Amino acid sequence: MGELKKILVDSALDMERNAKLNATTYPRVRSNRLRPSITGFTSFKFGQSRVFLQAGGTINGAEVNYARYVEEGTKYIIKPRFYLKRSYDKELKRLPDRLSKLLNVTLESN
């Protein structure tokens with residue numbers, strides 16, 4: 001379980017880093033609250049492992065309640081920027097290779 005946890009934590013941190021880079025270039029930085037609100041984290045409960053990537057919340061006492069609108073856009077005014085989705089998609093392509101190495105090691109040791 002230790003190696004799986006390491007892979008998933010690395011994956012969450014990679015997604016966080018890429019999402020912050022995405023949020024730096026497009027959309028353009030205005031208040032500098034969106035990037036610090038981006039967080040990648042893992043959860044290991046009841047035999048299930050999960051990786052999360054989220055944005056928004058409160059940063060230094062200021063609400064970042066616009067994070068969803070920047071990500072998904074609005075109907076008429078804001079175009080979607082997909083700074084989280086682009087990071088997620090990039091990691092989703094890399095994760096099977098990381099996990100297959102773990103599976104190969106596990107199978108070889110049995």
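These are my notebook entries on one predicted chain.

**Ground rules.** I'm working from a predicted model, so local features need pLDDT of at least 70 and side-chain atom pairs count only at pLDDT 80 or more, while totals for chains, interfaces and linings use all residues. Numbering runs from 1 along each chain as its sequence is written, and side-chain values use heavy atoms, with hydrogens and water left out.

**Fold.** I looked up the secondary structure and got 4 helices and 4 strands (DSSP runs numbered from the N terminus: helices H or I, at least four residues; strands E, at least two). Along the sequence I read α-α-β-β-β-β-α-α. The radius of gyration (over C-alpha atoms) is 16 Å, well over the 13 Å from the globule rule for 110 residues, so the chain is more spread out than a compact globule. That rule is 2.2 Å times the number of residues to the power 0.38. Along the principal axes, I get a C-alpha box of roughly 55 × 25 × 20 Å.

**Burial.** I find 27% of the 110 residues buried, meaning under 20% relative accessible area with a 1.4 Å probe, protein chains only.

Next I checked strand 1 (residues 39-45) against strand 2 (residues 48-54): they pair antiparallel over 7 bridges (pairing takes at least two DSSP bridges). F41 has F52 in strand 2 as its bridge partner. The hairpin has 2 residues between the strands, and I noted F46 there with a positive phi near 55°.

**Contacts.** I took contacts (heavy atoms within 4.5 Å) between residues at least 6 apart in sequence, and 55% of them join residues at least 24 apart.

Notes. Buried < 20%, exposed > 50% of the residue type's maximum accessible area, 1.4 Å probe, protein only.
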